[in-house]
Amino acid sequence: MSATQFDLSVVLHGKYAEWLYEGLITTLQLSSISCVLAFFLGLNIAIMRMTSFTPVRWFAQCYLEFFRNTPLIVQLFFWYFGSYQILPKPINDFLNQYNFEFVAAVIALTFYTSAFIAEDIRSGITAIPKEQMEASRSSGFSYLRSMHYIILPQAVRHTIPPLINQFLNLTKNSSMAMVIGVGELTYQARQIESQAFKSFEAFFAATFIYICISFSITILVTWYDKKVLNPLGKGTP
Amino acid sequence: MESIFDFSVISDNFLQLLIGRYPHGPLGGLALTLILAFISVILSIFGGLILGLLCISRNKFISLPIIAIVNIVRAMPLLMVIFWMFFILPSITGGKIPENTTVICALSIFTSCYISQIVIAGIASIPRGQTEASISTGLTYWQSMRYIILPQGLRNMIPSFVNQFVSLIKDTSLGYIVGVSEITQVAMQINNRTQIHSAEIFIFLAFIYFIICFIFTSLSRWLEKSLSWKKVI
Amino acid sequence: MKLNRRFFLVALSTLTFLSFTKQSYADVTEIKKKGSIIVGVKDSLYPFGFVDEKTRRLQGYDIDFANEIGKKLGVKVELKAVTSANRIPLLSEENVDLLICTMTITPERAKEINFSYPYFISKQKFIVKKGSVKSLKDLDDKKIGTTKGSTSEKNAAAKLPNAKIISYDDYPQAYLAMQQEKVFAITTDESILAGILSRSIKKKDFELSSFDISKEPYGVGVNKKNPELLKIVNQTLLEMEKNGKANETFTKWFGPKSQVPLVRDFKIVP
């Protein structure tokens, strides 16, 4: 008879539970920091993508295409191992003093996600009728100011559900940071697998946590959709 | 001036990046990446259609469990789905399953669940009146799906399908983590051996993926334009 | 949402049930009938298992042992690359028949799989920057790189409680991180470290630590369901020791003329 017995208590108490808890915290830190950074970066890229100044628009376009069309795992490896050759030595030394694994993961996740966020924001902005921009320009606002005060506040309201979805993807994608040694949830589950051979229990617990995160975010989006965007129960216009 | 990059590491190992250890060992590298992606795409088109149709089935005993499973899979990171496949598949078949098959199954199931959502949305985009009309002409529910609704719905879905396949191609890179010798794994192996050319290797790797994915992204955009044009006519 | 949750539980318990209904088929007759044996080896770990750049073939100390066992069984050897983290699950799930991949024999692992007699014995040491480390104490608050699922990881965590251990997918990756100064030292078995150093362009800058933290006997891993195969593996190992093949293989990879000169201070014994 094989020694495999399903015993969830192994990962609910003691050392392994601590590992999983640490993993959860790292996952949440990693995703929330990257989320905030990716939002602001994505916002800027979206605006750059829509300016009338051609070089800037092209740059934004290339940025979007490149980061959307390469796998995250390759980007992670690139930032972690490849940056050594590219960055000047003082910056490398500085980064290596700290937790560079985490920093590289944040950088990779931020760039990757910002490209998707930029597209969502852009489609949010294009959903706002063009006349609004024309009206605000003719009432004396500059392009950036009318973006800031008139267009964006409306666009952001409608892009919140897709943005939260991106955050959800980001949280799931953060699991790939394990390949460069970031101690997030999947990494810890894998550690438990290889140290205690309790693979089933470890993955069960980790999966359960991921599902809880995902479902609570999904419920949030559904609630926002119903209560804020369509309070009267009408469909989107 | 000396360049900071030395791409000779790519040309020296080009064959290994393309086909791995073949013919002295298993096929790997870019060829394996493309094979994995191709098989998974085909499987997930069918899987997605079936799951999508089951989700909107009027029989609650069929639709609810399927909806639950689809939502659970969509809530999980792909990496976890792959790890689970290593448990589930051997217990179903009772024997050994090669990693390639395991990864193909994981990718297909994962992508099917996402495609099923596209299918549901595509079917919902066809006015209900059409189903009612075709049922009243004597077709059964499934017949009207098969001959009336799906052919129209599929046309709207195609661009989203292609987008999903771009994700799938990118996702084959996760095979690296479970030891499938696709191009990312081969690149990492070369990186481990040569040690000082990481930037070149990963830039090249990103470039390869970019070309493949960009072709499909452009295809999806073109389809979106040309299909919407047809709809207007 | 409520319904979804109920079905989620049902689905999970189904999965749980499924995972208990594992069955096994592979045994020696099956392997002989199939005409091939699948052996899990390392694929970028000089000189145990690595891909030759010119021929794109796997070779090394472990691979020579795999071939001897294949010869004894009269079957073809199929090599499959494994990592320290996935090798034991791969063996338990019967994706590979044997593991010959620098695996240390430990009591925890012996609960999961069977081990052959040790076919190699190493000591766990560190690679450090030349002259930077005199004793174990110098490492205690540093970042140390090693490999997921290895005994080195466990030993290092036990011996260096204040150090931050970072685990990579494989040793060369850890060494790369060290060259890029992402970790202060890397730790694993002397034989592996010496192999890594010998192939490194920057080997002048680094050295092996003079102290070691444990002895590491390597064994061939065999599935518990297949005791017959274990017997054959052990028999092959003893024969190789007797007819000098084992010594010859050692000299081929670790002899004085090799890139990783080590002294053979062990014999394969039951």
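Visitor: How many salt bridges are counted between chain A and chain B?

Guide: A salt bridge is a side-chain nitrogen of Lys or Arg within 4 Å of a carboxyl oxygen of Asp or Glu. Between chain A and chain B the count is 1 salt bridge. A:E65 pairs with B:R221, and their closest N and O atoms are 2.9 Å apart. This is a predicted model, in which local features need pLDDT of at least 70, side-chain atom pairs count only at pLDDT 80 or more, and totals for chains, interfaces and linings use all residues. Residues are numbered from 1 along each chain as its sequence is written, chains are lettered from A and ligands numbered from 1 in the order in which they are written, and side-chain values use heavy atoms, with hydrogens and water left out.

Visitor: How many residues of chain A and chain B are in contact, and what area is buried between them?

Guide: Contact means heavy atoms within 4.5 Å. On that basis 34 residues of chain A touch 38 residues of chain B. Buried area is the accessible area (1.4 Å probe) that two parts lose on being put together, summed over both. For chain A and chain B this comes to about 3,200 Å², with 75% from carbon and sulfur atoms.

Visitor: Which secondary structure does chain A have, and which does chain B have?

Guide: Helices (H or I, at least four residues) and strands (E, at least two) are DSSP runs, numbered from the N terminus. Chain A has 10 helices and 0 strands. Chain B likewise contains 10 helices and 0 strands. Along the sequence, chain B reads α-α-α-α-α-α-α-α-α-α.

Visitor: How many residues of chain A and chain B count as buried, in percent?

Guide: Buried means under 20% relative accessible area, exposed over 50%, and partly exposed in between (1.4 Å probe, protein chains only). Of the 237 residues in chain A, 52% are buried. In chain B, 56% of the 233 residues are buried. Accessible areas come from the Shrake-Rupley method with a 1.4 Å probe, and for residues only the protein chains shown count as cover. The accessible surface of chain A is about 11,000 Å², 66% of it belonging to carbon and sulfur atoms. Chain B exposes about 10,200 Å², and there carbon and sulfur atoms supply 70%.

Visitor: Which residues make the nonpolar surface patch on chain B?

Guide: Patches are made of residues with over 30% relative accessible area and no salt bridge; like charges are joined within 9 Å, nonpolar side chains (Val, Leu, Ile, Met, Phe, Trp, Tyr) within 5 Å. Here B:I35, B:F38, B:I39, B:I42, B:L43, B:F46 and B:I50 make a patch of about 660 Å². One of these residues, B:F38, sits in helix α3 (residues 29-55) of chain B. B:F38 counts as exposed because its relative accessible area is 57%.

Visitor: Where does UniProt place the feature "transmembrane region" in chain A?

Guide: UniProt positions are given in the numbering used here, feature names are shortened, and annotations may be inferred rather than shown by experiment. The unreviewed UniProt entry lists residues 20-45, 66-86, 98-118 and 202-224 of chain A. In the model, residues 20-45 of chain A are 100% helix and 0% strand, with end C-alpha atoms 36 Å apart. Residues 66-86 of chain A are 86% helix and 0% strand, and their end C-alpha atoms lie 18 Å apart. For chain B, the unreviewed UniProt entry gives "domain: ABC transmembrane type-1" at residues 30-220. That span of chain B is 83% helix and 0% strand, with its end C-alpha atoms 23 Å apart.

Visitor: Which peptide bond is cis, from C:Y46 to which residue?

Guide: The bond runs from C:Y46 to C:P47, with omega near -5°. C:P47 lies in the loop between β2 (44-45) and β3 (49-51) of chain C.

Visitor: Is C:R56 buried or exposed?

Guide: C:R56 is buried, since its relative accessible area is 11%. C:R56 also has a positive phi of about 55° although it is not a glycine. Its place is the loop between β3 and β4 (58-59) of chain C.
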